[in-house]
Amino acid sequence: MSATIQIRPLQPSDAQAYQALRLEALRTSPEAFGSSYEEEAPLALETIRARMPSTDPNAIFGAFAGKDLVGVAGFAVYERLKARHKGVMWGVFVKPEWRKQRVGKALVQHVIDHASRHVIMLEAAVGLANASARRTYHGLGFKPYGIERKAIRVGDIFHDEELLYLDLPQPRDA
Ligand SMILES: CC(C)(COP(=O)(O)OP(=O)(O)OC[C@H]1O[C@@H](n2cnc3c(N)ncnc32)[C@H](O)[C@@H]1OP(=O)(O)O)[C@@H](O)C(=O)NCCC(=O)NCCS
């Protein structure tokens, strides 16, 4: 990965940059996300800011090239008592001009390291046809456990998703 990239959790002050990147992701890779551009584009900046995770361990990690946000990856722990040992990685995106430079891998590894401190299993879902994301996740140890057929519909096209898990060592605060 380029030495100029730094990864840190996004803060409320990053909301504008996050909104722009998120909308770019939803517009350019609609089949990769459960949310849609049509649903999120009308949201006010304050709504985005309010939705950004504010309490650890939930977080959105940003990859920065200088001051520019060039990639993101989210992490959330299941809320219900019997599921709090599991977390989910969501919303992974790298700006097209920064791809194939190990930024995605670094973001996902960051989520894994963070998740390891809080949960014993990390889940993710990836489009079966999404070679770059599948290679990124599989390369970092995620294992497939099933296929969700027709998980995402974009226009008239249905996209199957591969369901993934990664076992993590028992965290200190579990
Ligand atoms: C998936 C994504 C985040 C990967 O980001 P990236 O920064 O380009 O990935 P990296 O450079 O870290 O590469 C990680 C691995 O994927 C491979 N890879 C990257 N792009 C690839 C492509 N287009 N085809 C095949 N493999 C690819 C790399 O070779 C690397 O594998 P290796 O370590 O075995 O060499 C990026 O392509 C993206 O934002 N895609 C659109 C949104 C998306 O699909 N998000 C995932 C939702 S589940």
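This is a predicted model: local features need pLDDT of at least 70, side-chain atom pairs count only at pLDDT 80 or more; totals for chains, interfaces and linings use all residues.
**Entry 1, the shell.** I began with the residues around the ligand and counted 19 of them, among which Val 92, Lys 100, Gly 104, Lys 105 and Asn 130 come nearest. Sorting this shell by class, I noted eight nonpolar, six polar and five charged residues.

I then looked up which N or O atoms of the protein face oxygen atoms of the ligand. For Gly 104, a polar backbone atom is 2.8 Å from a ligand oxygen, and for Arg 102 a backbone N or O atom likewise lies 2.8 Å from an oxygen atom of the ligand. With Arg 99 the side chain takes part, an N or O atom there being 3.5 Å from a ligand oxygen. I also looked up the cover: the ligand taken alone exposes 930 Å², and the protein buries 81% of that.

I listed 35 lining residues, of which Val 92, Asn 130, Ser 132, Ala 133 and Thr 136 lie nearest the centre of the pocket. By class, I recorded 16 nonpolar, 11 polar and eight charged residues in this lining.

Which elements give two or more residues to the shell around the ligand? I found β4 (86-94), α4 (103-116) and α5 (131-139), with α5 giving the most, five residues. For the lining of the largest pocket, I noted that β4, α4, β5 (121-127) and α5 each supply at least two residues.

Technical notes. Residues are numbered from 1 along each chain as its sequence is written. Side-chain values use heavy atoms; hydrogens and water are left out. A residue is near a molecule or strand if one of its heavy atoms lies within 4 Å of it. A polar contact is a pair of N or O atoms within 3.5 Å; within protein, one must be able to donate a hydrogen and the other to accept it, and residues adjacent in sequence count only if both atoms are side-chain atoms. Accessible areas come from the Shrake-Rupley method with a 1.4 Å probe; for residues, only the protein chains shown count as cover. Helices (H or I, at least four residues) and strands (E, at least two) are DSSP runs, numbered from the N terminus. Ala, Val, Leu, Ile, Met, Phe, Trp, Tyr, Cys and Pro count as nonpolar, Asp, Glu, Lys and Arg as charged, and the others, Gly among them, as polar. On a 1 Å grid over the protein atoms alone, a cavity is a set of points where a 1.4 Å probe fits but cannot get out, and a pocket is an open set with protein on both sides within 12 Å along at least five of seven lines; lining residues have an atom within 4 Å of a point.
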